[in-house]
Amino acid sequence: MRIIIRSIFVVIFLLCTGVVLAQTTSGSITGNVVDPHRSAVANATVTLTEVNKGFTQTTTSDDEGRFVFAQVPPGTFTILIKSSGFKKQERTVELIPNDKLTLGNVVLEVGAVTETVEVTGEATLLQAESGERSFGVQGEELRNIGIKDRSFVNFVTLAPGVISNTSNGEAGDISTLYVNGTRQNSNNVQIDGVTSIDTGNNSLLARIPVDAIGELKVLTSGYQAEYGRSTGAQVIATTRSGSKDFHGAFYFYRRQTGLNANGWLNNRNGLPRAFSDQKDTGYNIGGPVYIPGLFNKDRKKLFFFWNQEFAHRFTPPAAPTNVRVPTALERQGDFSQSRDNSGNLFPYIKDPTLNLPCSATNTAGCFKDGGVLGRIPQNRLYPLGVKILNLYPLPNYTPVGNDNFNYRTQESSKTPERNDTLRIDYNLSKNWRMWGRWLKTAATSELPYGNSGLGLSTNLPVYGAIQKTPKYSLSGTVTGTLNPTTVVEFTYGISHNLIDLRINSDAATRAKTGLSTFPLLYPDANYLDQIPNFTWGGRVAGGPSIDTKSGSFENFNTTQDFIGSISKVWGDHITKAGGYYHKSLKPQTARFSNNGTINFTNSSSNPFDTQFEFANAITGAFNNYQQASSHTTGNYKYFNLEWYVQDNWKINKRLTLDYGLRFVWMPPQYESTGKSSNFLLDKFDPTKASRLFRPVCINGVATCAAGTANRRAVDPAVLASGVPLTTANTLIDLYVGRLVPNSGNFTNGLFTAGQGISKYLVKDNGVQLAPRFGFAYDVTGKRNFILRGGFGIFYDRTQGNLVFDQVGNPPNNILSTINLGRLQDVSANNVLLSPPALRALQPDAKLPKNYAFNLGIQYKLPFDAVLDLSYVGGQSRNLPTFRNINAGIWRLEYPAPMPCQLTFWPPIRDSTTTISFILSTSKSPITIRCKLRSSAAFRGAC
């Protein structure tokens, strides 16, 4: 209650100051005007002028000689300092997003004010005004440093404490980065102050080419209260803008097979280089919008910048894809020449009707049609099983030695893109300016191996996928100077992406493959007429895969940001307050097995097993059959409301404190149409649980192995009645672990959103407090040795994929399973099902948070180099993890069957999974960075 009351007062304060709703890209510039004796020069006039667009800000130095520009957009500026009795001084500085730039002591020379001293070759400046860990890259550096794949995210890996979890160390996306030990989905990206994060897996939402970026900054630890939403890095990018002069450029980058070395594996195997061709072609132009003599005559009002880039990429996999496909003989039921996953001959195909051994030492129980070991009689083949094996291409590779594959490809993916960037800047008046930008990406990718991350993959290029991923983002910002010490800023942004992923032809449809009559538990759940997903294992390692279990992956994500802030300079303080409102809408198809998943792995527990996967398929024997009852699209929403107050206090010439408090309200993401549900353990009633068939031995046998005549399945009610067990009141042991029809309620403990449970399914944690503190201390007073440090609490919203799976629970969806059976016996009308799998969210889960801290020094070295040495640490709390709530103690506490996937083979296996929140280990790396800056200016333009 106290937190809520305090929060209300803060909101009232923000409203009273005119800020409706703050994460911004603006930084600050400070300095101290002194005379040659290092005495303060008061009332000096300091004018800040943006070099490219000409707008100005003016302030005066206080009694201690200090001047402050509290809210300055990124860019290149000239600073002109004038005071009676001294020569004017002019210097040029560059400001990157969120930079706390301090010029230190600006020494004025005695002389006439009509004389000007121009400072060039500015030395590298230390961070003497704040304690955050950050890393900045200026626009020219971005555009002139070669970077693989031309993605600005790869620059982020240059920051100390940042690593990528990809095999080659490249940052394919912001979601692949670990920053100071935080999880890879805990980072935030802002483009022109607007959040650009997909709310599913926290990957990059909008796309911006490197040549359209003005400046880039990465905040990794201890950053100020104005930044939130995530616990990891804050990646802040700004788009380029036009200037009072026209500038343009054309660029072309290319990587091609002929320029690449072949891979080691390819060289070893005598394979040629895979085809690779990556081209980035683009152009840009920027300048003033004016009509000579009529509008914008001095070219200081209205500006534009346009960038268009075409990216064409043929990218091969790192190594060939090796697959074990059925041979021509195997497709006919002849396994006499088949080999196992070690490359050894394996013709020992068991005839399950004989109930005899089948091995290299005893072939009595093996198929021997026509006297050929391993050949199955034609009348024992299942016609649909024959068609399953014929789905796959014939071998194109002859195994050598113990090779366990016979099909090899190395197809390149084709991912063309077109990226458009437009920015408009308008200086409304001396005190007010605005700018807006538009980003658009058009992309349709051809993926020969699909996209495994989105649940549609294959190792056969003939069943490759096509993926459409168009994106756009719009934003606008207005900044106003109310008086020389007060600045306000407002930003609105909207971002949108779409993902449409599906097989690029009808090759995998039931009609095309002849599998229209394939038996399904839920025929109406089939989507796009696609075949089930057939999987292998055991003696067929690396079997063929066409992951069509859900048919496709479709979603879009629209996010909107409302941001505002006010900055005030008073005495030795720079105070800033603001708010951030972020909302998201994301309809997304659930990645259920609604088309079915059938696993043919050999199992000695299966009474129909042939000991070889392809033989199982061609005779109809499966290890596991699973299908979901529906193809579902959930509609997911959430909002974040965060606000803050922070202060930068220059206590004296050496010590600066940077502190603030952020208020965070992150209600859980939820499915708005009522399709999701949650399992509450404390609401589960064992007396109402469904019964499962249990294993027993009959005919007075004490022990009996699976598949033997004496091992049977019995209804626990029959067992409790005490009647003698016979073949008449029991079932074959194939039904052990399946549901007893019409017994209990398998949705026991489940609650649909909004019906006996919150629409969020879990607790809303309300408003959380996130304090921040940092300091910078000039040890020598000469700004050559700075001691810096900081601490902060940061809250995060867990990625949406943890919530999206809740629509897979009953009653909206039932994921049914049959273990150990034959396809010939599967029917929607008469099959006994295993219990459905469940996903549960911890109902009282807390928001994930991180305690981040750092302590370090910056020291000026010879040759204009800076040593930056820091200890950076973090401890995370309430991180989500998965655990099985039926294991161990839960089975003892609830001896009755739980509503979960359950079989009675030791050890007991089940799949009621809950997402719990745990304490993580601390991550405390030491980061060292040596920065060298040439005193010579680096410029490039045409």
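## A tour of two open sheets

Strand β1, residues 27–34, is joined to β7 by 6 bridges, and the two strands run parallel. The model on screen is a predicted one.

Now widen the selection to the whole sheet. β1 and β7 belong to an open sheet of 3 strands, in the order β4-β1-β7. The pairing in this sheet is mixed. Select residues 66–72 for β4 and residues 100–107 for β7; these are the edge strands, and each pairs on one side only.

A general point before moving on: strands in a sheet pair through backbone hydrogen bonds, and the pairing is either parallel or antiparallel.

The next stop is another sheet. Here 4 strands form an open sheet, and their order is β29-β32-β33-β44. The pairing is again described as mixed. Which strands lie at the edges? They are β29, at residues 533–535, and β44, at residues 815–822, each pairing on one side only. From one strand to the next, the twist averages 15°.

To finish, select β29 along with β32, which covers residues 597–599. This pair is parallel and is held over 3 bridges. Select N533 and look across to β32: the bridge partner there is T597.

Methods: Residues numbered from 1 in each chain as written. Predicted model: local features only at pLDDT ≥ 70, side-chain atom pairs only at ≥ 80, totals over all residues. Heavy atoms only, no water. Pairing = 2+ DSSP bridges. Axes fitted to C-alpha atoms, helices over the stretch in contact; angles between N-to-C directions.
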